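Here is a brisk report on one protein model. Please read it alongside the sequence and the coordinates.

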Amino acid sequence: KPSSKKFSDLHRRWKLANDVCSSGKEILQDSLAFHHEEEEDDESTSSQLSACSDNYVFALSEPIHPDILSSDLDHSARSSPPIMAVVYSHDVCLVQTRDVDDVVSFARSMGKSALALKYALAHRRDMRRHELDLLVDNYFSALLRLGRHSAEGNSLSFSRVKIAAESLPILLGGDSRMWQRWIFMFARIPGGLFLIREKIPVRDPHLPSYVFEMV
């Protein structure tokens with residue numbers, strides 16, 4: 001006896017507006033509309049409403065589950081993006097919709113390191129081509145204007161250093177190697193160690209004694 005249950009195609013319920021990459025259009029529009037540099041008073045650093053700056057404060061204003069920062073994740077349940085058929089009068093092409101790796105790459109290409117990290121954390125289990133540690137490094141480097149970001153000619157404000165200091169425990173978690181790296185990076189910033197002195201973990205993770213001696 002044939003089953004009376006109607007077959008439900010999950011892909012038919014998928015909408016472009018809900019795609020993880022649909023926000024890429026917003027990123028592009030913001031970048032095209034606001035080519036001017038950051039204002040000297042640096043208000044755009046701490047404002048989530050500024051379209052011409054990156055959202056560096058997302059780690060402080062949005063909940064991040066501790067499991068997201070763990071590298072021991074089960075990827076077996078990952079679902080693939082839908083396959084779409086693009087039909088023309090004399091040709092048919094099967095295409096796969098963009099995934100989280102694509103939107104992270106696009107955000108990075110637009111110079112939005114914080115937005116790239118935000119998407120990576122939200123979809124950590126589906127990410128394949130990007131390393132989370134590298135995205136965290138890019139976030140702090142852009143926020144603190146280190147490395148290639150220092151060549152932009154803008155001075156480092158206190159608000160940027162404060163946001164970075166408060167974000168350290170949230171984004172570094174229990175990674176001892178990352179903690180050591182960014183403690184030494186903060187040591188290069190005048191007053192940087194003073195701001196993070198109470199945020200440095202004394203256990204979980206356990207840091208080498210020379211780190212505390214330097215602080």
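This is a predicted model: local features need pLDDT of at least 70, side-chain atom pairs count only at pLDDT 80 or more; totals for chains, interfaces and linings use all residues.

Residues are numbered from 1 along each chain as its sequence is written, and side-chain values use heavy atoms, with hydrogens and water left out.

Helices (H or I, at least four residues) and strands (E, at least two) are DSSP runs, numbered from the N terminus. Buried means under 20% relative accessible area, exposed over 50%, and partly exposed in between, with a 1.4 Å probe and protein chains only.

Helix α5 spans residues 113-122. Of its 10 residues, 8 are buried, so the helix is largely enclosed by the rest of the structure. The buried residues are Ser113, Ala114, Leu115, Ala116, Leu117, Tyr119, Ala120 and Leu121. Alanine 122 also lies in helix α5. Alanine 122 is exposed, with a relative accessible area of 55%.

Strand β2 (residues 92-96) is hardly covered. The count of buried residues among its 5 residues is 0. Its partner is strand β1 (residues 83-87), antiparallel, over 5 bridges. Two strands pair if DSSP finds at least two bridges between them. The two strands form a hairpin, with 4 residues between β1 and β2. Valine 86 has cysteine 93 as its bridge partner.

## Aromatic contacts

A pair of aromatic rings is described by the distance of the centres and the angle of the planes. Rings of Phe, Tyr and Trp (its six-membered ring) pair if their centres lie within 6.5 Å; planes under 30 degrees apart count as stacked, over 60 as edge-to-face and the rest as tilted. The structure holds 5 aromatic pairs. Two of these are tabulated here.

| Pair | Centre to centre | Plane angle | Class |
|---|---|---|---|
| Tyrosine 139 and phenylalanine 140 | 5.1 Å | 75° | edge-to-face |
| Phenylalanine 140 and tryptophan 182 | 5.2 Å | 45° | tilted |

Phenylalanine 140 lies in helix α6 (residues 132-143) and tryptophan 182 in helix α8 (residues 176-187), so their pair ties together parts that are 42 residues apart in sequence. Tyrosine 139 and phenylalanine 140 are both buried. Tryptophan 182 is buried too. One aromatic cluster is made up of Tyr56, Phe58, Tyr139, Phe140 and Trp182.

There is also a charge over a ring. The charged end of arginine 197 sits over the ring of phenylalanine 194, 3.9 Å from its centre. The criterion is NZ of Lys or CZ of Arg within 6 Å of the ring centre and within 35 degrees of the ring normal.

## Backbone geometry

Where is the cis peptide bond? It joins aspartate 204 and proline 205, with omega about 10°. Proline 205 is found in the loop between α9 (192-196) and α10 (209-214). Aspartate 204 lies in the loop between α9 and α10. Aspartate 204 has a positive phi of about 50°, although it is not a glycine. At 68% relative accessibility, aspartate 204 counts as exposed.

Arginine 145 has a phi near 55°, a positive value in a residue other than glycine. Arginine 145 lies in the loop between α6 and α7 (158-172). With a relative accessible area of 9%, arginine 145 is buried.
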